[in-house]
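Work through the exercises below with the sequence and the model at hand. Each task is followed by a solution in steps.

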Amino acid sequence: MSMPPPAPRMNGQTECGPSLHTPLRDFLRTETGSASVLLTAALLALAWANIAPGAYEAFWETELSVHLGTSGLSLGLREWVNSGLMTLFFLVVGLEARREFDMGELRERRRVTLPVIAGLAGMLVPVLIYLALTAGSPAAHGWGVAMSTDTAFALGMLALLGGRLPAGLRVFILTVSVVDDFVALVVIAVAYSGPIDWPFLGTALALFAVIFVLRAAGVRRGLVYTVMGLATWVAVQVSGVDPVVVGLAMGLLTYAYPASRSDLERASGLFRLFREQPTPELERSVRLGLASALSPNERLQRMLHPWTSYVIVPLFALANAGITIKGGQLADAFTSPITLGILLGYVLGKPVGIFSASWLVTRLSRGRLRPPVGWGAITAGGAIAGVGFTVSLLIATLAFSGEQLTQAKVGVLSAVVCAFAMTWLVTWVVGHLPGQARTRALLGTGESIVDLVPPVDTHRDHVRGPQDAPVTVVEFADFECPFCGQAEPIIRELLADFGDVRYVWRHLPLDDVHPHARLAAEAAEAAAEQGAFWEMHDLLLEHQGELRAPDLVRYAQRLGLDTDRFHKTMRTHAAAARVSEDVESADLSGVSGTPTFFVNGRRHHGAYDIESLTSAVHAAKERARLDSPAR
């Protein structure tokens, strides 16, 4: 069997479906790249508004009408962006929140409580600061501008800080941002919408109820939901309520689940049929089979997220961030209660609210509810949450006009700069703490979520390395999988570099694509009965193209095994149950492809080259060292 050439980044995986990259990783990567595009769009808007202020306003106030028969909808270009295209942005935010709730860190429901409370407190404290500075003036009506975190900028800032902050902070900030967005959209609907047309709003609620029923009935046709979503959006828009809330609600309703091995095997079978008979009918069946293996949530994220991140949100910035900057106006803005309320609300109120709420919840729950990271990281996360751009500008355009709108925009844009400076300062201080104190400030003492089921059992599992090692790397693998063969020297190098790491192999033969993998797994177990599992393991990976029954017997002879005993075990399939136990473990752990790695029970996502695995092992060792005194 020919082996593919090794890639610079070891991230291939054998499976009959999506790649190894998870939706969360793709989400973060796309948000990270889009942050620079968003910043560029904001700077272009500032330049356009100051070079040709009349042309800037005239362009975005241009009317665009859509008519269907005698009915139609006419909005300015800015309103089409703010209320129309931004609905797709909030749809993506809702999709990611639902994915985390179904499959990610928040699948343990108790982990939802703390970031939700922190998110609410992170909105309440800035609003109180804003109201304190604008009390008694009409500007108090704009309190909603000072409360919502911008997801794209926040995750982009996390990426710029690189490895200075722990990965767990990203999920925490994402959850806080979703809480912000949801509450902000409710605030927009209640406090910043015009006169409500109740019959149209009732129609929108009825349409949404139909969507809910369709989902409960298992309807999976995307066109049906697209039509119903558009109809709901139009009804909400005409009712006088800002319709972006429709996107978030639709996203939160969209299920997320991992691709099951049965669905992937079915897709493989359909593809083989198409290979034999390439007919239009089978082509359609293959497409539907492949699509059904992925959850609607993941399909929509992959389709919409690049568009929302690289087109829609930057377009929103271009339409709303343009303010005319003059010396006198800036001086007036920074003495205005509106600007100061927004600026102080974000830069001080956000970190104070998030940190205080997290600390209080931890104390009141007596440690049962803890943040996923240390208090230094929570402080940095609170500072990052002080970036309020997208929703803040959206509410500002609804709450203010004229000079007050300019002052609000100055406050929002200034908060972006100050929040980044505050975050950099916090990470600099944490980075200069002594080693153990820095680790505790970043990682904390919260219990990590465990993805591996069941945990490693030294009496059952095949373990290579010290039995009492603080770090355990588990690989679900297939002896016929070429990517597993490529990963083997990486694992050997990892074990050589670390004397206190142990490695566990668990079988996951992919019968639909590797016809000899299960027999090879049984051969390894037959060798294990004679104390030669790892010797057989090494031979099988060295000869991945020669795994037929005679080849396996020849390897047993080369190792000096009792060939009669080995042959009997293979003939009776006595080791099949042991292999099936590992396959069941893969199913329980959400594994559908090979190789898949776990480090101290946590699934390792991304590349499995030596640099990536070394980084994961270092992080696991730091966590283990931090936890050991507590135990």
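Predicted model: local features only at pLDDT ≥ 70, side-chain atom pairs only at ≥ 80, totals over all residues.

Residues are numbered from 1 along each chain as its sequence is written, and side-chain values use heavy atoms, without hydrogens and water.

**Exercise 1.** Classify the ring pair of Trp48 and Tyr56.

Solution. Rings of Phe, Tyr and Trp (its six-membered ring) pair if their centres lie within 6.5 Å; planes under 30 degrees apart count as stacked, over 60 as edge-to-face and the rest as tilted. This rule gives 13 aromatic pairs. For Trp48 and Tyr56 the centres are 5.1 Å apart and the planes stand at 85°, so the pair is edge-to-face.

**Exercise 2.** Are Trp48 and Tyr56 buried, partly exposed or exposed?

Solution. Buried means under 20% relative accessible area, exposed over 50%, partly exposed in between (1.4 Å probe, protein chains only). Trp48 has 26%, so Trp48 is partly exposed. Tyr56 has 1% and is therefore buried.

**Exercise 3.** Classify the ring pair of Trp80 and Trp233.

Solution. The centres lie 6.2 Å apart with the planes at 15°, so Trp80 and Trp233 are stacked. Trp80 is in helix 3 (residues 77–102) and Trp233 in helix 8 (residues 222–239), 153 residues apart; helices are DSSP runs (H or I, at least four residues), numbered from the N terminus. Trp80, at 18%, counts as buried, as does Trp233 at 9%.

**Exercise 4.** State how accessible Trp424 is.

Solution. Trp424 is found in helix 17. Its relative accessible area is 40%, so Trp424 is partly exposed.

How values were computed. Helix = DSSP H or I, 4+ residues; strand = E, 2+ residues; numbered from the N terminus.
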